[in-house]
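Q: I'm new to this one. Can you walk me through it?

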Amino acid sequence: MATPTNGTVASIEDTVPASGISVGSSEATLGRHLGRRLVQAGVRDIFTVPGDFNLTLLDHLIAEPELKNIGCCNELNAGYAADGYARSRGVGACVVTFTVGGLSVLNAIAGAYSENLPVICIVGGPNSNDFGTNRILHHTIGLPDFTQELRCFQTVTCYQAVVNNLEDAHEQIDKAISTALKESKPVYISISCNLAATPHPTFIRDPVPFSLTPRSSNKMGLEAAVEATLEFLNKAVKPMQYGSIGWSVGATLGYAQAVPEKRVLAFIGDGSFQVTAQDVSTMLRNGQKTIIFLINNGGYTIEVEIHDGPYNVIKNWNYTGLVDAIHNGEGKCWTAKVRYEEELVEAITTATLEKKDSLCFIEVILHKDDTSKELLEWGSRVAAANGRPHNPHDVNIQSTPRRIAETKPVASSGPKRTAKQDSKTDIDMDGHFHLMFGRETLLNKEVVVCFSKEKAASDDEVELDESTGK
Ligand SMILES: Cc1ncc(C[n+]2csc(CCOP(=O)(O)OP(=O)(O)O)c2C)c(N)n1
Ligand SMILES: [Mg+2]
């Protein structure tokens with residue numbers, strides 16, 4: 001057995017393991033170790049899509065009793081779900097397969113980076129023996145280059161661990177997880193597919209090189225800080241957000257998974273929903289009872305307010321029919337389509353009383369021009385900014401393409417944003433409802449405002465006053 005390079009655990013082979021795990025035990029594998037580390041960091045659910053490079057890893061992760069596998073319909077949604085989960089639990093994780101999965105999840109990880117979320121993105125990677133062999137692997141673009149995926153992740157994560165040997169696996173995993181927590185940014189961990197099931201002495205007990213002590217807080221101090229922060233944010237000029245549409249479906253899935261005792265309300269635009277709709281399936285599969293308000297205004301209204309054209313009109317779907325089809329008789333689901341205020345009020349009443357244990361999907365039909373003044377103003381500002389005439393003297397030399405080899409990972413100690421976004425902030429309404437706003441839909445939806453006034457009555461009941469539909 002090779003000597004571990006991680007000095008903190010180099011001599012544990014002969015000691016009695018604190019966790020009672022012996023090297024011969026099936027719990028001493030790299031995969032099990034990663035699973036335990038995730039649990040120690042606060043992860044209870046992992047959002048996954050299988051692929052041949054990560055199958056063994058998944059076996060070992062789900063063997064960890066405290067870790068639940070939440071299989072998603074695609075990697076982008078798995079990443080968004082980890083984002084939503086991290087908003088609630090302080091950390092989230094997704095597991096995908098090499099390159100085809102990795103490049104799909106990238107957009108979600110970039111969003112998590114922009115929003116300071118510690119998302120641990122785990123990729124099942126190539127066999128350790130293949131590194132440095134110039135072999136062309138499947139699921140790659142056909143070049144003998146294993147670093148393509150890694151280089152993409154370098155730009156959107158604060159740390160990357162490529163685990164292709166057992167000696168420093170422990171150290172690399174700990175470094176990645178602790179960096180994610182410390183910097184509140186996503187990290188990338190690639191695990192060679194042939195190592196996940198392999199035991200090593202460094203995996204047999206739990207040295208804790210990073211602090212995992214629960215964060216305690218002083219209630220009064222916290223309230224004062226929240227108040228001061230809110231005041232500051234309300235005055236702040238909002239920064240441009242990452243704003244990738246489709247985020248809200250996956251993020252709702254992840255957030256709801258993290259707070260099973262609460263009910264999440266999601267307001268999702270029709271255009272955004274069409275990007276990631278599949279994972280309503282995963283919500284149903286996991287018994288979630290979110291209320292989704294699908295805002296059907298027939299297209300990309302935000303884009304209309306910036307610059308209109310035929311491309312902003314989308315195909316109208318039978319949204320309730322789609323959700324019914326996904327439901328397919330498995331799980332609890334209720335759908336409704338509403339056009340008038342009274343119908344909306346009635347649907348909310350049903351969703352919160354009779355159907356309180358079901359996933360409720362309420363399609364709200366709005367006129368395509370039903371937008372707020374703020375959105376109209378915002379649209380003209382964006383149009384003006386995008387339409388500035390070309391001025392060669394203004395062109396930043398950074399815009400000249402650089403060779404990839406020159407590209408450096410994003411410095412994790414870079415400037416922190418001072419103001420936080422509005423549309424993704426979840427609002428805890430007396431511990432009952434959590435509102436998740438589609439990034440692109442908040443600005444122009446009056447319907448959102450009315451719900452945020454309400455307070456639920458008791459811990460066991462979820463109530464919305466009928467007047468909330470106004
Ligand atoms: C992944 C991605 N693709 C394209 C865009 C550009 N975009 C911004 S808003 C938007 C339309 C959103 O439509 P919808 O969810 O129906 O909201 P609405 O504006 O109609 O309220 C699009 C296509 C984006 N932000 N993200
Ligand atoms: Mg729309």
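A: Here is a quick tour by question and answer. Keep in mind that this is a predicted model.

Q: Okay, the core to begin with. Which residues of the largest nonpolar core touch the most other members?
A: Ala81, Cys94, Ile120, Cys121, Ile189 and Leu294 do. The core has 101 residues.

Q: Where does this core lie relative to domain 1 and domain 2?
A: Between them, because both domains give residues to it. Domain 1 covers 18–203. Domain 2 is 235–372 + 440–465.

Q: New topic: helices. How do H1 and H6 cross?
A: Their axes come within 11 Å and cross at roughly 25°. H1 is residues 30–41, and H6 is residues 169–183. Angles under 35 degrees count as roughly parallel, so H1 is roughly parallel to H6.

Q: Which residues make that contact?
A: From H1, Leu30, His33, Leu34, Arg37 and Ala41. From H6, Ala169, His170, Ile173, Asp174, Ile177 and Leu181.

Q: Is the crossing of H1 and H6 left-handed or right-handed?
A: Right-handed.

Q: And H1 with H2, how do those axes sit?
A: They come within 7 Å and cross at roughly 50°. H2 is residues 55–62. That angle makes H1 and H2 oblique to each other. The H1 and H2 crossing is right-handed.

Q: What touches what there?
A: H1 brings Gly31, Arg32, Leu34 and Gly35. H2 brings Thr56, Leu57, Asp59, His60 and Leu61.

Q: Where is Asn116?
A: In the loop between helix H4 (102–114) and strand E4 (119–125).

Q: What about the phi of Asn134?
A: Asn134 is not a glycine, yet its phi is positive, about 65°. Asn134 is in the loop between E4 and helix H5 (148–154).

Q: Is Asn134 buried or exposed?
A: Exposed, because Asn134 has 9 C-beta neighbours inside 10 Å, and 12 or fewer counts as exposed.

Q: And why is Asn116 partly exposed?
A: Because Asn116 has 15 other C-beta atoms within 10 Å. A residue needs 20 or more to be buried.

Notes:
Residues are numbered from 1 along each chain as its sequence is written. Chains are lettered from A and ligands numbered from 1 in the order in which they are written. This is a predicted model: local features need pLDDT of at least 70, side-chain atom pairs count only at pLDDT 80 or more; totals for chains, interfaces and linings use all residues. A nonpolar core is a set of buried Ala, Val, Leu, Ile, Met, Phe, Trp, Tyr and Cys residues joined through C-beta atoms within 7 Å. Domain bounds come from an automatic or database domain assignment. Helices (H or I, at least four residues) and strands (E, at least two) are DSSP runs, numbered from the N terminus. Axes are lines fitted to C-alpha atoms, for helices over the stretch in contact, and angles run from 0 to 180 degrees between N-to-C directions. Angles under 35 degrees count as roughly parallel, over 145 as roughly antiparallel, 65 to 115 as roughly perpendicular and the rest as oblique. A crossing is left-handed if the near helix is turned anticlockwise from the far one by less than a right angle, and right-handed if clockwise. Two residues are in contact if their C-beta atoms, placed from the backbone, lie within 7 Å.
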